[in-house]
Structure formats: C-alpha cells, structure tokens
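This briefing describes selected features of one protein structure, grouped by topic. Please keep the sequence and the model at hand while reading.

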Amino acid sequence: MVVANAPEHTRLRRGLGQMFGTATLQKLRHVAEETTERQLDMLESHLVKGPADWRSVVSEIVPVTAITNWLGIPGRDGARLREWTHAQSAAQELFPSGQELDVADAATARLELFFTHLIADRRALQQTDVLSQWLATWDSIESDQEQADATVRRLAATITAAGIETTVTVLNNVPWILGRHPDQAKWLADHPESIPGVVEELLRWDPPVHLVSRVAATDTELNGYSIQAGEMAYILVGAACRDPKWITDAATFDIQRGPGRGGHLAFGLGPHYCAGAALARLEAQVVLERLLARGQLPRVVSATWEPRVAFRQLSELLIAHE
Ligand code: HEM
C-alpha cells in the first residue's frame, strides 16, 4: 500500500474500511490501559533492584499487544512480530547496506508466511474478526481467492510493521523528552487534561519517522529544484516539523504550544497519511495518563540510539526512580 499509486492505492485503502472507528478504539483503549498498568508494575519491580529498560518493558509491549489484540493474534506471537518488524524497518533507512537489506527481506518473508498461515486458519474458521472481514471484502473484489488471500496477507503484514516500530519510538519519547524538560513535566502533572496536546508536541519535536521517500513519475519542478523522472526524492519530515517558516519557536519543545502555533507532519500528508494515527495517539495518551497517575516521571539514566536516520529508534532507555 505504501508504494502503490492511485487507482490501486485508493482501492487498497478503501478495502480496509474504517480501521479505527469509535468502538474499536474504545476496545483498544482498554487493552492499552491494562497492558500499560501491567508493564508499569513490572517496571516497578525491576526498579527496586536498580535501573531498568523502559523500551523493552513498556514501549515495545504496548504497541504489539494492541495490534495482536486488534487482529486476533495470540499474544505469544508478539515477540516474533516485534523481532521481524524491527529487522524489516532497516530496509526503509536512507542508505541500507546489502546485509541489512538481506536481513530485512528475510524478516518480510517470515512476516508474510506468518500471515499466510493465519489467513488459512481464518478461512477455515469463518469468524467476524478484522482479518476475516478483510477477506470477505477482497473476495467480493477479486475473482480469484488466491489473489484475495495475497492482498490481505500483504496488507496485514504492512499494517503490523507500520504500527509497531513507529509507536515504540513515541512511547520512548515520553520519558526521554519530558525527562529533559522537568519544568514542563511538573506543569503537566497538574494539568493532565493537556495530555493530547503533549502527545502532538512529542510527535512534532522528534517524529518517529524522520524521512519518507518517493520516486518521481515524471520530470518535476519542486520549489525551484528539478527532479528527473525515476529519481528518488526524500521528504525530510523531521526537518519539516521544525521549520521556522511555519512553526513559531520551532526548535523549542513546548507542551503548551497548542495548534495555533504550527502543526506537524509526523503522520505524513495526502493520500498516504498514516492509517493508524488514531491508534498511535491513543497508545501514547494512555501511557502518559497512567504514568502521571503514578506520580513523578522516571529519571532517564542513559539512552542508546540505533545508527538510523529514517526510523529513529532507541535500542535501550535506562531509567531509575528519582
Ligand atoms: C507514532 C506512530 C506512527 C507514526 C509516527 C507513523 C507515521 C507514518 C507516516 C509518516 C506515514 C506516511 C508514509 C509515507 O507517506 O510514505 C504512515 C503511513 C502508514 N501508517 Fe503510520 N505511523 C504511526 C503509527 C501507525 C500505526 C499504529 C499503524 C497501524 C496500526 C500505522 C499504519 C500505517 C499505514 C498502513 C500507512 C500507509 C498508509 C498508505 O500508504 O496509505 N501507522 N505512518
């Protein structure tokens, strides 16, 4: 879907229906709340002994649990889905090495095989879950059942991958960024109603996806630059989110900024606008709510970054009690 153009892209996107309507989001809010509470308890038990890794205990678990629950995938499969989606995202880096591309290809193949089996099970069971609904939709569009299965398999694999790696980063950014702005974190503790706006500012100030790419279909002139047909263009989302032309005090992290002083492009723009933005926002809001309800934000001890540009990612985020 991400690499398709209209009319194929429109067809794929329409076939998904409204993925995150009100009822689905309500259900996923419960899942996110329960998961966050459980993981924060676990974090507490680690913190008694010393610094603990926020990423592996909280950020990595909430998104994958939401996705597996939504798609009706057994929770025990979460660990391998995380492993494959993590390996796969290297393919979207700025200059991936041949070895990284091999690892990413192998992960994509495993992810697709996983969904091949899952789809076969759903066909046999004839249920009303999300995957079965997509199968019913594509059965009515495609004349060939194998083709319908292949489309649903690719969509499910894409959405799973798109929904995990990115959301992990915004959840990491909760203690990582707020921890470096203690005055704002303190203000927020007294103003929990501001949480949705804080999530938007976290997304703007350090968006999980720093660049997306496109290939020019024809010779194009863009803002005074010429791009030849077939050339790749990189859209620097991270830079756009801090563009002083559009955003007042763009370099300043300000949780009281509000929509009047510039928005963000963290979820992209146009026909490919993020299909899971509502779920990502919900998960970040829940983690922030639950964390604040427990008192002070944890203190960051150290952060280790993966050597990436496009899909920024922390490999470890050690935190401790104040
Ligand atoms: C904070 C978390 C997230 C961020 C920052 C993010 C960011 C983005 C961006 C920038 C794009 C546009 C890519 C482009 O134009 O090439 C995109 C597309 C997409 N996202 Fe997200 N995303 C997030 C979470 C999610 C979640 C939770 C899901 C699904 C459960 C999801 C599913 C998708 C899909 C399917 C697309 C492709 C849409 C299309 O091509 O029409 N994303 N996302």
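Is the crossing of α8 and α12 left-handed or right-handed? The crossing of α8 and α12 is right-handed; a crossing is left-handed if the near helix is turned anticlockwise from the far one by less than a right angle, and right-handed if clockwise. The structure is a predicted model, in which local features need pLDDT of at least 70 and side-chain atom pairs count only at pLDDT 80 or more, while totals for chains, interfaces and linings use all residues. Residues are numbered from 1 along each chain as its sequence is written, and side-chain values use heavy atoms, with hydrogens and water left out. Helices (H or I, at least four residues) and strands (E, at least two) are DSSP runs, numbered from the N terminus.

**Helix packing**

- Two packed helices are described by the angle between their axes and the distance between the axes.
- The axes of α8 and α12 come within 9 Å and cross at roughly 35°; axes are lines fitted to C-alpha atoms, for helices over the stretch in contact, and angles run from 0 to 180 degrees between N-to-C directions.
- On the α8 side, T167, V170, L171, V174 and L178 meet A280, E283, A284, V287, L288 and L291 of α12, where contact means heavy atoms within 4.5 Å.
- By class, this contact of α8 with α12 has nine nonpolar, one polar and one charged residues; Ala, Val, Leu, Ile, Met, Phe, Trp, Tyr, Cys and Pro count as nonpolar, Asp, Glu, Lys and Arg as charged, and the others, Gly among them, as polar.
- Helix α5 (residues 78-88) and helix α6 (residues 98-125) have axes that come within 7 Å and cross at roughly 140°.
- The helices α5 and α6 are therefore oblique to each other, given that angles under 35 degrees count as roughly parallel, over 145 as roughly antiparallel, 65 to 115 as roughly perpendicular and the rest as oblique.
- The crossing of α5 and α6 is left-handed.
- From α5, the residues R80, L81, W84, T85, A87 and Q88 meet V103, A104, A107, T108, R110, L111 and F114 of α6.
- The contact of α5 with α6 comprises eight nonpolar, three polar and two charged residues.

**Buried positions**

- Within α5, the residues G78, L81, R82, W84, T85, A87 and Q88 are buried; buried means under 20% relative accessible area, exposed over 50%, and partly exposed in between (1.4 Å probe, protein chains only).
- The cover over the buried residues of α5 includes α4 (61-71), α6 and α8 (145-178).
- A157 lies in helix α8 and is buried, with a relative accessible area of 5%.
- Apart from neighbours within four places in sequence, A157 is in contact with L111, E112 and F115.
- F20, in the loop between α1 and α2 (22-47), is buried at 11% relative accessible area.
- F20 and L279 are 259 residues apart in sequence, yet their C-alpha atoms are 7.0 Å apart in space.
- Not counting residues up to four places away in sequence, F20 touches L25, L28, W70, A275, G276, A278 and L279.

**Salt bridges**

- A search of the whole structure finds 21 salt bridges, each being a side-chain nitrogen of Lys or Arg within 4 Å of a carboxyl oxygen of Asp or Glu.
- R257 forms a salt bridge with E201, with 3.1 Å between the closest N and O atoms.
- R257 lies in the loop between α11 (237-240) and α12 (277-293) and E201 in helix α10 (residues 195-205), so the pair ties together parts that are 56 residues apart in sequence.
- Both R257 and E201 are buried.
- R55 and E60 form a salt bridge whose closest N and O atoms are 2.2 Å apart, and both residues are buried.
- R11 and E8 meet in a salt bridge of 3.1 Å, N to O.
- R11 and E8 are three residues apart in helix α1 (residues 8-15), and are therefore separated by about one helical turn.
- R11 is partly exposed at 33% relative accessible area, and E8 is partly exposed at 36%.
- A network of salt bridges links R29, E33, E37, D41, E289, R290 and R294.

**Backbone features**

- A cis peptide bond joins A6 and P7, with omega about 5°; P7 is in the segment before α1.
- N223, in the loop between β3 (220-222) and β4 (225-227), has a positive phi near 50° although N223 is not glycine.
- N223 is exposed, with a relative accessible area of 71%.
- D249, in the loop between α11 and α12, is not a glycine but has a positive phi of about 45°.
- D249 is partly exposed, at 46% relative accessibility.
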